[in-house]
Amino acid sequence: MTNVCCSIIVFAVSYGVLITALTQFEQDFLDAHNAKRRIVVPTASNMRELKWSAELASVALNYSRKCVYGHNPNKYIEAPSFKRVGENLRFDTKENTPFEVVTSWDDEMHDYDFYANTCVLNVDCGHYTQVAWAETEYVGCAVTLCNPLVGKSDSAYYYVCNYGERGNMNGDRPYVAGSTCSECPSGYTCTNKLCRQ
C-alpha cells in the first residue's frame, strides 16, 4: 500500500447547498467516534454528535506526513475556523481500522474516574476524555505510513485526529452525567443518543 492517507472529497452543489461526500475512511472514523460517544458511562445528558471537518482532516494529514511523533504545535494556526483544536495520536507497525484506532483511545475510560474527574495515578486518559468531550462537534483524521516515524519506530502507520473545539479544558468533566439527551443545547434534537444540530 503506497498511499493510505490521501482521499478525495467530492463536492456537489444542489439547489445552493454544498453537499460533501465522505470517503469510507472518513465515514468510518466519524462513525467510530460517535459510537463511543453514545455509550459513555455514566450516560451523558449533553453529548453532541460529531460531524466531519475537512479543515481538521487536512491539518491531520499534513501533520501526519511529517512523520514526527508528538503533538502538532501549529494546529491552532492551521485550523483558523476553530479557537481551540484538540489532537489524538496513535501509531502501530500494522495498519488499523478507524474503529480499532478510536477504540484504543476510548479504552482509557477504564483508567478514568468520572466522579473524581481524574486518571489513575501515572496513567494518561486524555485520549478518552477528548473522544468523550461533549462540546466537541467536529473531527478530522488522517493516517500516513511513515518510514521511519521519528521518535518511535523504523516503520509505522501514524494516525492523527484533530478536534474542534478541543476538550480537556480547565479541569472540567468531559460531559454532564444524566438522562440521555436531557440537556441538549437549544436548536439540537436527540438522535440515536446524541444531540444533533
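Modeller: Let's start with Glu137, which is buried at a relative accessible area of 11%. Here, buried means under 20% relative accessible area, exposed means over 50%, and partly exposed is anything in between, using a 1.4 Å probe and counting protein chains only. Before we go on, keep in mind that this is a predicted model, where local features need pLDDT of at least 70 and side-chain atom pairs count only at pLDDT 80 or more, while totals for chains, interfaces and linings use all residues. Residues are numbered from 1 along each chain as its sequence is written, and side-chain values use heavy atoms, with hydrogens and water left out.

So who does Glu137 meet? Its side chain forms a salt bridge with Arg48, at 2.8 Å from N to O. By salt bridge I mean a side-chain nitrogen of Lys or Arg within 4 Å of a carboxyl oxygen of Asp or Glu. This pair ties together distant parts of the chain: Arg48 is in the loop between helix 1 and strand 3, Glu137 is in the loop between helix 5 and strand 7, and the two are 89 residues apart. Helices (H or I, at least four residues) and strands (E, at least two) are DSSP runs, numbered from the N terminus. Arg48 counts as buried because its relative accessibility is 16%.

Glu137 has another salt bridge, to Lys51, at 3.4 Å from N to O. Lys51 is partly exposed, since its relative accessible area is 25%. Put together, Arg48, Lys51 and Glu137 make a network of salt bridges.

The structure holds 4 salt bridges. Among them is the one joining Arg90 and Asp92, whose closest N and O atoms are 3.3 Å apart. Arg90 is partly exposed because its relative accessibility is 23%, and Asp92 is buried because its value is 15%.

Now follow the chain to Ser53, in the loop between strand 3 (51-52) and helix 2 (54-64). Is Ser53 buried or exposed? It's buried, with a relative accessible area of 7%. Leaving out neighbours within four places in sequence, Ser53 is in contact (heavy atoms within 4.5 Å) with Phe82, Tyr138, Val139 and Gly140.

Next comes the sheet. Strands of a sheet pair through backbone hydrogen bonds, either parallel or antiparallel. Two strands count as paired if DSSP finds at least two bridges between them. Here 4 strands make an open sheet in the order 3-7-8-4, with mixed pairing. Strand 3 and strand 4 are at the edges with a single partner strand each, so one side of each has no neighbour in the sheet.

Strand 8 is joined to strand 7 by 9 antiparallel bridges; Gly140 stands opposite Asn162, and Val143 has Tyr159 as its bridge partner. Strand 4 (residues 85-92) also runs antiparallel to strand 8, with 8 bridges, and Leu89 stands opposite Val160.

How many residues of strand 8 are buried? That's 9 of its 9. Ala156, Tyr158, Val160, Asn162 and Gly164 point one way, while Tyr157, Tyr159, Cys161 and Tyr163 point the other. In a regular strand the side chains alternate between the two faces of the sheet.

In soluble globular proteins, nonpolar side chains tend to be buried together. Setting aside residues up to four places away in sequence, Trp105 touches several others, including His33, Leu89, Arg90, Cys161 and Tyr163.

Finally, a contrast: Leu121, in the loop between strand 6 (118-119) and helix 5 (126-131), counts as exposed because its relative accessibility is 72%.
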